[in-house]
Amino acid sequence: MAGTLGTIDDNTFDEEIGSSTTPVLVDFWAEWCGPCKMIAPILEEIADEQGDSLKILKLNVDDAPQVAQRFQVMSIPTLILFKDGEEAKRIIGAKPKGALLDDVAPFL
C-alpha cells in the first residue's frame, strides 16, 4: 500500500472513508488547478513515506461534485483528513511538504 495514491468519487467515497483503519487524507483537486498540480508530487512523496499510517486519496471535484458540495469545498486544493470516518482536519491551499506533515502528524 505504501506509495500509492488512490482515487475516489461520489460512489466510492463513503465506503473508502468508513472502512479505513488508518487516517485518510482526501485531496480535493481538479485538472485545471495549478496549485493542485504543485502539491501532487508532494502528496506522492508523503504516500511513499507514510503509507503504512496514512492513506491518501484523490477526489476530482469536476468528476465528483456531490462529495465536494457535501463537505462545502469552495476552493481547491482542499485536503481533508478523516479519522474514524469523521473530518479531523482541513487544509486549504498548497503547502510545502514540511507544513503538510506538521498538519497531519497529530492524527497519525
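Student: In which loop does Pro-77 lie?

Tutor: This is a predicted model, in which local features need pLDDT of at least 70, side-chain atom pairs count only at pLDDT 80 or more, and totals for chains, interfaces and linings use all residues. Residues are numbered from 1 along each chain as its sequence is written, and side-chain values use heavy atoms, with hydrogens and water left out. Helices (H or I, at least four residues) and strands (E, at least two) are DSSP runs, numbered from the N terminus. The peptide bond from Ile-76 to Pro-77 is cis, with omega near 0°. Pro-77 itself lies in the loop between α3 (65-70) and β4 (78-83).

Student: What is the phi of Gln-72, and is this residue buried or exposed?

Tutor: Most residues other than glycine have a negative phi. Gln-72, in the loop between α3 and β4, has a positive phi near 50°. Buried means under 20% relative accessible area, exposed over 50%, and partly exposed in between (1.4 Å probe, protein chains only). With a relative accessible area of 58%, Gln-72 is exposed.

Student: Where is Asp-84 found, and what is its phi?

Tutor: Asp-84 is found in the loop between β4 and β5 (86-92). Its relative accessibility of 70% makes Asp-84 exposed. Asp-84 is a residue other than glycine with a positive phi, near 55°.

Student: At what angle do helix α2 and helix α4 pack, and how far apart are their axes?

Tutor: Axes are lines fitted to C-alpha atoms, for helices over the stretch in contact, and angles run from 0 to 180 degrees between N-to-C directions. For helix α2 (residues 34-50) and helix α4 (residues 97-104), the angle is about 50° and the axes are 10 Å apart. That makes α2 oblique to α4, given that angles under 35 degrees count as roughly parallel, over 145 as roughly antiparallel, 65 to 115 as roughly perpendicular and the rest as oblique. In brief, the values are about 50° and 10 Å.

Student: Which residues of α4 make the contact with α2?

Tutor: Contact means heavy atoms within 4.5 Å. On the side of α2, the contact is made by Ile-42, Leu-43, Glu-45, Ile-46, Glu-49 and Gln-50. On the side of α4, the residues are Lys-97, Leu-100 and Leu-101.

Student: Which residue forms a salt bridge with Glu-45?

Tutor: A salt bridge is a side-chain nitrogen of Lys or Arg within 4 Å of a carboxyl oxygen of Asp or Glu. Glu-45 is partly exposed at 36% relative accessibility. Its partner is in helix α4, 52 residues apart from Glu-45 in helix α2. With the closest N and O atoms 3.1 Å apart, that partner is Lys-97.

Student: What parts of the chain does the pair of Lys-55 and Glu-16 tie together?

Tutor: The closest N and O atoms of the Lys-55 and Glu-16 salt bridge are 2.8 Å apart. Lys-55 is buried at a relative accessible area of 17%, whereas Glu-16 is partly exposed at 27%. The pair ties together parts 39 residues apart in sequence, because Lys-55 lies in strand β3 (residues 55-60) and Glu-16 in helix α1 (residues 13-19).
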